[in-house]
Amino acid sequence: MNQNLETLCIQAGYSPKSGEPRQIPIVQSTTFKYATSEDMGKLFDLEASGYFYSRLANPTCDAVAAKIAALEGGAAAMLTGSGQAASFYAIFNIAGCGDHVVASTAIYGGTYNLLSVTMKRMGIDVTFVDPDASEEELSRAFRENTKAMFGETIANPALNVLDIEKFARVAHAHGVPLIVDNTFATPVNCRPIEWGADIVTHSTTKYMDGHGAALGGVVVDSGKFDWTRYPHKFPGLCTPDESYHGVTYTERFGLAGAFITKCTAQLMRDLGSVQSPQNAFYLNLGLESLPFRIRQHCANAQAIAEFLSGHPKVAWVKYCGLKGDKYYDLARKYLPNGSCGVISFGLKSGRKGAENFMAHLRLGAIETHVADSRTCCLHPASTTHRQMTDAELEAAGVGADLIRLSCGLENTQDLISDLAQAIEKA
Ligand SMILES: *Cc1c(COP(=O)(O)O)cnc(C)c1O
């Protein structure tokens, strides 16, 4: 049965049998008991499915991962301890020392560092590309040893909207998968796999949890990328894994299972960035109300963006739901029902005005977080980016006047009144 998203958010991933708990149980156990060594041996050889140690798999985490796979229209998924771990696992599962990846410049700062500093130290080279470049220009970034292309549906904090079909065409022309971080859009507003993405990642810390309660991440595989067409490029998936008794993931698990099984059986086994069952439980509570919350986040952001853009003391507003925004047309295509709750804007009174505005906010709290139920606000020039000069800020796309506002779930008029009084005092 083809169910709608609201139904999947409630029902997917867990179907209790008669007399079992209605809510997903928190299986707070590191290990699982077996009657014979032989029974357990079959699990170790990946010959039977089941649980033996929660670093590899846990029933609570598996149920929540299966729900997110259903929401994204994917074949399989794996939870991770954070969004950073999800990005790392998605890339490292197919790229190693001596390889190369192509990534959009408009991505989360943590992912930018992961690629440009930490993964570089592991011998994985990265070329950053302007996501708005032509297909010819994007193609020039690819090399013989390129293993993946990476972008964000809606970039945090730049708020660019990714032309997913364009990126997918370029990636596939070079025989590599497209990985899309879909944290800001969530599957409620965009399902990148339907537009050609092969792997989707999330920081579930943001809208999916939605209450600022639990750090987490997820990797979802579409099961559509045919690794066996490029066995020389993806030996980890297409040739025997000696650390798993010579299993060849694509042969044993097919295209639907190869990527996530390798990611779990090999990378999670060796690196261990698991999500705790307790956090997975909180994440699942967030997922149940995700469609309803996302609608309110987007309605608040749209109303506030319109209010700000009509205000005489506001210099500029960036939000793809505003007519005239650079990404309005792409948003109409990929995000027809709304984009996200995050806006950026600047006041005519510049850096000083931003500092005064922040000091006078009553509802909007000053936090580095985004995308939860409480409205929050950040002035990067005086906090996260305070070591930079005004010229460096400009070059990083974070002007000295930029205020990032994450619209929560409060009453729209209450939020607008709060912003209005803070702008007056700025
Ligand atoms: C926050 C964020 C991340 C990192 O997630 P954590 O859960 O904080 O590790 C990755 N991508 C995007 C788009 C984010 O907003």
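**Reading strands, sheets and burial**

User: In which sense do β8 and strand β9 (residues 342–347) pair, and over how many bridges?

Analyst: Two strands are said to pair if DSSP finds at least two bridges between them, and strands themselves are DSSP runs of E with at least two residues, while helices are runs of H or I with at least four, both numbered from the N terminus. Here β8 and β9 pair in the antiparallel sense, over four bridges. Within this pairing Val317 has Phe345 of β9 as its bridge partner, and Val314 stands opposite Leu347 in β9.

User: Before we go on, what kind of model is this?

Analyst: It is a predicted model, in which local features need pLDDT of at least 70 and side-chain atom pairs count only at pLDDT 80 or more, whereas totals for chains, interfaces and linings use all residues. Residues are numbered from 1 along each chain as its sequence is written, and side-chain values use heavy atoms, with hydrogens and water left out.

User: In what order do the five strands of the open sheet stand?

Analyst: The order is β8-β9-β12-β11-β10, and the pairing in this open sheet is mixed. Because β8 (314–318) and β10 (365–366) stand at the edges with a single partner strand each, one side of each is left without a neighbour in the sheet. On its way through that order, β9 is also joined by four bridges to strand β12 (residues 403–406), running antiparallel, and Ile343 has Leu405 of β12 as its bridge partner.

User: Are the residues of β9 buried or exposed?

Analyst: A residue counts as buried under 20% relative accessible area, as exposed over 50%, and as partly exposed in between, using a 1.4 Å probe and protein chains only. By that rule β9 is mostly covered, with six of its six residues buried: Val342, Ser344 and Gly346 point one way, Ile343, Phe345 and Leu347 point the other way, and all are buried.

User: What covers the buried residues of α7?

Analyst: Cover can be read through contacts, meaning heavy atoms within 4.5 Å. In helix α7 (residues 164–173), the residues Ile164, Lys166, Phe167, Ala168, Val170 and Ala171 are buried, and what covers them includes β2 (100–104), β3 (125–129) and α13 (328–334). After α7 comes Gly175, whose phi is positive, near 70 degrees.

User: How many helices and strands does the chain have?

Analyst: The chain has 16 helices and twelve strands. Its radius of gyration is 22 Å, close to the 22 Å that the globule rule gives for 426 residues, so the chain is as compact as a globular protein of that length; the radius is taken over C-alpha atoms, and the rule is 2.2 Å times the number of residues to the power 0.38. Of the 426 residues, 54% count as buried, and among contacts between residues at least 6 apart in sequence, 72% join residues at least 24 apart.
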